[in-house]
Structures are given as C-alpha cells and as structure tokens.
Amino acid sequence: MPTAVAAALLGGFGLAAPAAARVAGQPAAASVYTMSAGRLGASVAALLGLTGVIVGGLALVRPSSRIGTGSGRLGASVALAAGLVGVALGSLVVATSDNGIGTGNGRGGAYVALVVGLFAMVVGGLALARSRRYRMGS
C-alpha cells in the first residue's frame with residue numbers, strides 16, 4: 001500500500017508540470033534543444049554570477065595578488081558588479097517567464113542565477129572588507 005501511494009504521488013507530481021503546460025490553450029513546453037530567450041538570459045546571468053564568485057574568491061584568498069584580479073579592491077568590485085548584474089538579469093527572467101519550471105522559459109536557471117549572483121555579492125563584499133582592512137593596516 002505505501003508503495004502504491006508513493007508511486008502515485010511521484011507520478012502525479014513528476015508528470016504534472018508538462019501536462020499543465022498543454023492544458024487550456026497554453027503553449028507547449030519548449031524542446032530540449034531550443035534556446036529560448038529565457039534560457040539564454042538565465043544562462044548569461046548564471047555565468048556572470050559564477051564569474052563573480054571566482055573573481056571574488058581570488059580576491060578574498062589573494063588580496064594583493066598580481067595574478068588576474070589586480071588589487072583585492074578591483075577583484076572585489078568586479079565580483080560585486082558581476083553578482084549584481086547576475087541577480088538583476090535572473091530577476092528579470094523570473095518576472096517575465098510565463099509558466100513554471102520545466103517549460104523552457106528559463107525560470108529554473110534564473111533561480112540558480114539568483115542564488116549564485118547573491119553568493120558572488122557576498123564573497124565580493126567580504127573581499128572588499130578584507131582589502132580595506134589590509135589597506136588601513138599598511
């Protein structure tokens with residue numbers, strides 16, 4: 001009995017999103033290989049956030065490095081800017097997508113972009129605070 005209930009719940013929830021996209025004249029879900037505007041925007045936002053996390057991490061680990069980030073302040077500023085743009089673009093995709101996750105509008109990727117962009121802003125803020133501490137201590 002519990003197995004049947006679990007299978008019914010799993011089947012009901014697993015198949016509900018694609019079926020809902022075809023009901024009552026709503027547009028069908030996008031193909032797996034179709035690059036819609038929402039998917040493209042979410043991908044760009046997630047890549048910007050990931051870039052911010054990497055640059056912010058480098059600025060946090062090496063605040064006065066010669067490799068890649070210049071000074072710690074520059075790397076922190078780049079991380080903050082990339083994270084902010086990633087969050088803004090991810091928010092735009094979430095606000096303009098018509099249907100839920102799994103319909104090809106990029107909403108799932110936009111949620112990932114929001115989290116990664118926010119993380120980039122946190123890491124960039126920490127690196128900026130650390131670079132100010134090093135500058136004042138010098």
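Helices are DSSP runs of at least four residues, numbered from the N terminus. In this predicted model, the chain has four helices and zero strands, and Ala127 is found in one of the helices, H4. Read from the N terminus on, the order of elements is α-α-α-α. The briefing below treats the chain as a whole, the confidence of the prediction, and then selected residues.

**The chain as a whole**

- The chain has 138 residues, and buried residues make up 28% of them.
- The accessible surface comes to about 8500 Å², and carbon and sulfur atoms account for 72% of this area.
- Among contacts with a separation of 6 or more, 66% are between residues 24 or more positions apart.

**Confidence of the prediction**

- The mean pLDDT of the chain is 74, and 62% of the residues reach 70 or more.
- Of the elements of the chain, H3 has the highest mean pLDDT, at 88, whereas helix H1 (residues 2–21) has the lowest, at 47.
- Over residues 5–17 the pLDDT stays under 50, and for this stretch the model has one contact beyond four places in sequence.
- Where pLDDT is low, the predicted coordinates should not be read in detail.

**Glycines of helix H2**

- Gly38 lies in helix H2, and Gly41 lies in helix H2 as well.
- Gly38 counts as buried because its relative accessibility is 18%, which is under the 20% cut-off.
- Gly41 has a relative accessibility of 14% and therefore also counts as buried.
- Beyond its neighbours within four places in sequence, Gly38 is in contact with Val93, Asn105 and Gly106.
- Gly41, with neighbours within four places likewise left aside, is in contact with Leu89 and Val93.
- The C-alpha atoms of Gly38 and Asn105 are 4.9 Å apart, although these residues are separated by 67 residues in sequence.
- For Gly41 and Leu92, the separation is 51 residues in sequence and 8.6 Å in space, C-alpha to C-alpha.

**The loop residue Ser97**

- Ser97 is found in the loop between helix H3 (72–96) and helix H4 (107–137).
- Ser97 counts as buried because its relative accessibility is 10%.
- The side chain of Ser97 reaches the backbone oxygen of Val94 at a distance of 3.3 Å.
- When residues up to four places away in sequence are not counted, Ser97 touches Asn105 and Arg107. Asn105 is also one of the contacts of Gly38.

- Not counting residues up to four places away in sequence, Ala127 touches Gly56, Ala59, Leu60 and Ala76.
- Ala127 and Leu58 are 69 residues apart in sequence, and their C-alpha atoms are 8.8 Å apart in space.

**A nonpolar patch on the surface**

- Leu47, Leu50, Ile54 and Leu58 form a nonpolar patch on the surface, and together these residues have about 360 Å² of accessible area.
- Leu50, a member of this patch, has its place in helix H2 (residues 37–61).
- Leu50 is partly exposed because its relative accessible area is 43%, a value between the cut-offs of 20% and 50%.

Note on methods: Residues numbered from 1 in each chain as written. Predicted model: local features only at pLDDT ≥ 70, side-chain atom pairs only at ≥ 80, totals over all residues. Heavy atoms only, no water. Helix = DSSP H or I, 4+ residues; strand = E, 2+ residues; numbered from the N terminus. Buried < 20%, exposed > 50% of the residue type's maximum accessible area, 1.4 Å probe, protein only. Polar contact = N/O pair within 3.5 Å; in protein donor to acceptor, adjacent residues only side chain to side chain. Contact = heavy atoms within 4.5 Å. Areas by Shrake-Rupley, 256 points an atom, 1.4 Å probe, with all protein chains shown as cover. Patch = residues over 30% accessible without salt bridge, like charges linked within 9 Å, V, L, I, M, F, W, Y side chains within 5 Å. Salt bridge = Lys/Arg side-chain N within 4 Å of Asp/Glu carboxyl O. pLDDT = per-residue confidence, 0-100.
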